[in-house]
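I opened this entry to keep track of what I looked up in the model.

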Amino acid sequence: MNKQGILSIVSQQQIAEQIFEIKCQGPLVKSMTNPGQFVHVKVDSYDDLLLRRPLSICDIDLEQEILTMLYRVEGEGTNRLSKKQKWEQVDVLGPLGHGFPVEETEPGEVALLVGGGIGVPPLYYLSKQLKKRGVKVIHVLGFQAKSAVFYEKEFNELGETYITTVDGSHGLQGFVTDAISKYELSFDTLYSCGPNVMLKALTSQFENSRGFLSLEERMGCGIGACLACVCHPTEDPEGTSYKKVCTDGPVFKVGEVVL
Ligand code: FES
């Protein structure tokens with residue numbers, strides 16, 4: 001069952017172009033144990049659905065009950081959120097959705113974590129949990145430009161990390177798939193989150209691999225109400241059956257749904 005709670009902001013800072021890191025504290029955080037799940041944040045006290053935002057869980061400190069979220073300012077809701085100060089409060093619903101299955105990768109195996117832009121944050125909590133399990137983690141993180149890069153040091157502390165930028169201003173010039181080919185990265189399980197075009201490219205390259213993709217880019221309301229997130233299962237690409245990314249996902253197996 002989903003839970004709702006009021007969390008207090010313990011810190012907020014800008015960490016890259018348009019990207020903010022916010023840390024919030026409260027007992028609700030204790031239930032956030034599955035990486036890849038997300039929360040639904042009500043930015044202001046009045047109940048306007050348009051001002052709620054589905055945000056991915058970037059990190060959890062269960063002992064201190066601190067939730068870390070990274071988000072991109074791209075509209076009214078996230079702009080208001082970025083103005084919030086320490087000790088102000090946010091109304092959080094969650095954790096929501098089905099996250100990444102950590103248990104699919106055995107200790108000693110290799111997991112390749114591939115993120116693009118604002119799809120990178122949920123991979124951080126995932127990577128920490130995989131590493132704790134004894135899995136070797138490799139990260140490939142793609143951004144538009146150097147100014148948009150974040151958490152490079154944090155990922156590096158967990159395992160090998162390759163950065164790509166479209167304009168070549170940092171790391172390898174190109175896309176995440178270029179880095180995977182160039183460095184001949186092999187793996188037992190693929191975990192990925194990012195824009196649809198990236199997930200499609202990974203699917204065509206690794207359709208027969210064990211892999212899990214998070215489709216968070218397609219999220220609207222985040223709670224099953226708006227149908228903005230529906231997609232078709234691969235076995236019924238144009239039929240009447242569909243899946244909601246927010247409640248059936250956001251994580252699906254590679255090839256499970258039409259991207
Ligand atoms: Fe609104 Fe899924 S995001 S129904």
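**Confidence and conventions**

I started with confidence: the mean pLDDT of the protein chain is 93, and 97% of its residues reach 70 or more, pLDDT being the predictor's confidence in each residue, from 0 to 100. This is a predicted model, in which local features need pLDDT of at least 70, side-chain atom pairs count only at pLDDT 80 or more, and totals for chains, interfaces and linings use all residues. Residues are numbered from 1 along each chain as its sequence is written. For the complex, the predictor gives an ipTM of 0.99 and a pTM of 0.95.

**Whole chain**

I counted six helices and 16 strands in the protein chain; helices (H or I, at least four residues) and strands (E, at least two) are DSSP runs, numbered from the N terminus. The radius of gyration is 18 Å, close to the 18 Å that the globule rule gives for 259 residues, so the chain is as compact as a globular protein of that length. That radius is taken over C-alpha atoms, and the rule is 2.2 Å times the number of residues to the power 0.38. Along the principal axes, the C-alpha atoms fill a box of roughly 50 × 45 × 35 Å.

I then checked burial: 43% of the 259 residues count as buried. A residue is buried if 20 or more other C-beta atoms lie within 10 Å of its own, exposed if 12 or fewer, and partly exposed in between, with C-beta atoms placed from the backbone. Of the contacts between residues at least 6 apart in sequence, 62% join residues at least 24 apart; a contact means C-beta atoms, placed from the backbone, within 7 Å.

**Antiparallel sheet**

I traced an open sheet of seven strands in the order β4-β3-β7-β1-β2-β6-β5, with antiparallel pairing. Two strands pair if DSSP finds at least two bridges between them. The edges are β4 (52–56) and β5 (59–61), each with a single partner strand, so one side of each is left without a neighbour in the sheet. On average, neighbouring strands of this sheet are turned by 35 degrees against each other, direction ignored.

I went through some of the pairings. β1 (residues 3–16) and β7 (residues 89–96) pair over six bridges, and I6 stands opposite D91 in β7. β3 (residues 38–42) is joined to β7 by four bridges, with L96 as the bridge partner of F38. Three bridges join β5 to β6 (residues 66–72), where L67 is the bridge partner of I60.

**Mixed sheet**

I found another open sheet of seven strands, ordered β11-β10-β9-β8-β12-β13-β16, with mixed pairing. Here β11 (172–173) and β16 (251–253) stand at the edges with a single partner strand each, so one side of each has no neighbour in the sheet. Strands β8 (residues 110–116) and β9 (residues 136–143) run parallel and are joined by seven bridges; L112 has I138 in β9 as its bridge partner.

**Helices**

Which residues of α2 are buried? I listed P121, P122, L123, Y124, Y125, L126, S127, Q129 and L130. That is nine of the 12 residues of α2 (residues 121–132), so the helix is largely enclosed by the rest of the structure. α2 lies across β4, β5 and β6, at about 50 degrees to β5; axes are lines fitted to C-alpha atoms, for helices over the stretch in contact, and angles run from 0 to 180 degrees between N-to-C directions. After α2 comes G134, whose phi is positive, near 95 degrees.

I next took α5 (residues 196–205), which lies across β8, β9, β12 (189–193) and β13 (210–214) and runs at about 165 degrees to β12. In α5, M198, L199, A201, L202 and T203 are buried, and their cover includes β8, β9, α4 (176–182), β12 and β13. Q205 is also in α5; Q205 is partly exposed, with 13 other C-beta atoms within 10 Å. The C-alpha atoms of Q205 and T177 are separated by 8.5 Å, and these residues are 28 apart along the chain.

How values were computed. Two residues are in contact if their C-beta atoms, placed from the backbone, lie within 7 Å.
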